[in-house]
Amino acid sequence: MALKMADSKPRILIVDDEENIVKALARHYKFLGYNVSCATNAEEALSLLASERTEVVISDIKMPGMDGLDLLKEIRSQYPMTRVIMITGYVTLDNLLSAFRRGADTCVFKPLSDLVELDTAVTNAIEHLRGWQKKLRELKYLERE
Amino acid sequence: MPAESYNIDPELLAEFLDESIDSLAPLENILLELEAEPTNLDLVNKLFRPIHSLKGNASFFGMMRIKDLSHKMENLLDLVRKDKVVASKDVINALLPGVDTLKTILQRVRSGAAEIADEEEFKAVLATIERAVGAEKVDLVSLFNSIRGTLESVKSFLPADRVQAVDTLLGAIDRFTPPDKKGASPSSPKVDSTKLPVPLMTVSVYVLAAASLNIAIKPMLAPGMVSDVDGKLGSARQLVSPTHLSNTFPGGSVAVTNTTAPGA
């Protein structure tokens with residue numbers, strides 16, 4: 001029996017301690033038609049992730065309390081299929097390597113003068129998930145033959 | 001570029017639900033086997049694997065309750081696996097309704113319903129698992145209470161210089177008793193008990209107390225009391241698993257040359 005489900009848009013969670021950045025990105029992605037959740041710290045982000053299916057997280061690296069890299073680590077452990085894009089104005093080689101090592105999709109540097117690079121990262125992240133769903137469905141059809 | 005819809009393919013979800021229900025089917029029997037053989041790690045691993053996969057996959061399919069519950073069950077199983085929590089009856093009795101609830105949720109979603117119907121019931125299942133996760137701390141408290149009781153009961157039979165040593169030891173035991181069991185003070189930091197290893201000092205205090213009783217105190221007691229002390233020490237000893245002791249004192253031998261308490 002196939003299940004009926006409501007049609008929905010991908011959900012993006014935006015995490016940054018600078019509220020104006022959260023607001024600007026939220027407005028932008030809502031305008032593009034995404035479902036958007038917002039958090040100003042990592043703890044809040046984790047509680048939002050626990051409550052709703054989230055496809056993409058856009059997170060700042062440098063935040064008071066738990067930082068973006070630790071949030072990334074926690075997401076990899078608890079929500080391994082959720083895609084994570086880091087944004088940072090505080091770029092060091094060490095930060096960038098940590099983000100790469102812990103499995104971030106990519107890192108976009110602030111200031112986000114235009115959102116082309118971030119939009120592309122979001123689109124790629126969703127495409128990545130679609131690609132896996134397609135692969136999972138293929139497996140199912142193979143099994144039937 | 002405007003966002004296109006992103007939905008989980010319903011057939012894929014149905015397939016996932018069916019497979020997950022199948023993967024949980026043997027777990028009840030494995031739990032009953034574990035009850036009979038609480039130290040069998042193979043059984044713990046057999047439980048861990050499907051729960052761990054379910055935890056990882058659930059959020060991809062948007063089943064956040066499944067993720068929450070399986071995550072907590074995984075934490076508990078991980079503590080059992082690492083020998084930090086004993087696979088006691090309480091642990092089994094927390095995991096059985098956990099498995100049952102996971103199956104119920106999967107079946108509900110399979111029939112097109114929401115994950116849970118009764119929020120309170122779900123929270124109760126989670127709470128039982130969280131209590132079992134805290135069992136490690138409860139064991140330590142029993143251990144300390146047992147040692148404290150033993151020390152206090154023999155104090156009046158000892159000469160003054162030994163009483164002082166016993167008091168120092170009692171002070172050390174108080175210091176290392178988990179704070180929430182002494183009547184939580186409002187300033188005590190919030191500790192996530194799932195991440196709390198058996199502290200080195202806790203085991204050290206046990207060994208010190210045992211050594212003091214054996215070497216310095218027992219020779220001064222009447223034979224009847226010695227066997228009473230031995231009995232109490234034996235039951236306290238049960239609460240510290242061999243792994244904790246060998247991790248704390250590698251090499252297996254505990255050389256006790258100085259039987260006085262720290263600072264005495």
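This is a predicted model: local features need pLDDT of at least 70, side-chain atom pairs count only at pLDDT 80 or more; totals for chains, interfaces and linings use all residues.
**Exercise 1. Find how helix H3 and helix H4 of chain B run relative to each other, and which residues make their contact.**

Solution. 
- Step 1: Locate the two helices. H3(B) covers residues 41–58 and H4(B) covers residues 64–81.
- Step 2: Look at the axes. They come within 8 Å and cross at roughly 150°.
- Step 3: H3(B) passes H4(B) in a left-handed crossing.
- Step 4: List some of the partners. On H3(B) they include Leu41(B), Val44(B), Phe48(B), Ile51(B) and Lys55(B); on H4(B), Ile66(B), Met73(B), Glu74(B), Leu77(B) and Arg81(B) are among them.
- Step 5: Sort the contact residues by class. This contact has 11 nonpolar, four polar and five charged residues.

**Exercise 2. Describe how H2(B) packs with H3(B), and then how H2(B) packs with H5(B).**

Solution. 
- Step 1: Begin with H3(B). The axes of H2(B), residues 27–36, and H3(B) come within 9 Å and cross at roughly 150°. That makes H2(B) roughly antiparallel to H3(B), and their crossing is left-handed.
- Step 2: See who meets whom. From H2(B) come Leu27(B), Ile30(B), Leu31(B), Glu33(B) and Leu34(B). Facing them in H3(B) are Leu43(B), Val44(B), Lys46(B), Leu47(B), Pro50(B) and Ile51(B).
- Step 3: Classify these residues. Nine are nonpolar, none is polar and two are charged.
- Step 4: Move on to H5(B). Here the packing angle is about 180° and the axes are 10 Å apart, which makes H2(B) roughly antiparallel to H5(B).
- Step 5: Name the residues. Leu27(B), Glu28(B), Leu31(B), Leu32(B), Leu34(B) and Glu35(B) of H2(B) meet Lys89(B), Ile92(B), Leu95(B), Leu96(B), Val99(B) and Lys103(B) of H5(B).
- Step 6: Classify again. The contact of H2(B) with H5(B) divides into eight nonpolar, no polar and four charged residues.

**Exercise 3. Work out which parts of chain B the salt bridge between Lys89(B) and Glu35(B) ties together.**

Solution. 
- Step 1: Check the distance. The N to O distance in this salt bridge is 2.8 Å, and the cut-off is 4 Å.
- Step 2: Lys89(B) lies in H5(B), residues 89–110, and Glu35(B) in H2(B), so the pair ties together parts that are 54 residues apart in sequence.
- Step 3: The whole structure has 19 salt bridges over all chains.

**Exercise 4. Examine His28(A), Pro111(A) and Asp83(B).**

Solution. 
- Step 1: Go to helix H1 of chain A, residues 19–31, where His28(A) lies. Leaving aside neighbours within four places in sequence, His28(A) is in contact with Leu115(A) and Asp119(A). The C-alpha atoms of His28(A) and Asp119(A) are separated by 9.8 Å, although the two residues are 91 residues apart along the chain.
- Step 2: Turn to Pro111(A), in the loop between strand E5 and helix H5 of chain A. A cis peptide bond joins Lys110(A) to Pro111(A), with omega about 0°.
- Step 3: Finish with Asp83(B), in the loop between H4 and H5 of chain B. Asp83(B) has a positive phi of about 65°, although it is not a glycine.

Notes:
Residues are numbered from 1 along each chain as its sequence is written. Chains are lettered from A and ligands numbered from 1 in the order in which they are written. Side-chain values use heavy atoms; hydrogens and water are left out. Axes are lines fitted to C-alpha atoms, for helices over the stretch in contact, and angles run from 0 to 180 degrees between N-to-C directions. Helices (H or I, at least four residues) and strands (E, at least two) are DSSP runs, numbered from the N terminus. Angles under 35 degrees count as roughly parallel, over 145 as roughly antiparallel, 65 to 115 as roughly perpendicular and the rest as oblique. A crossing is left-handed if the near helix is turned anticlockwise from the far one by less than a right angle, and right-handed if clockwise. Contact means heavy atoms within 4.5 Å. Ala, Val, Leu, Ile, Met, Phe, Trp, Tyr, Cys and Pro count as nonpolar, Asp, Glu, Lys and Arg as charged, and the others, Gly among them, as polar. A salt bridge is a side-chain nitrogen of Lys or Arg within 4 Å of a carboxyl oxygen of Asp or Glu.
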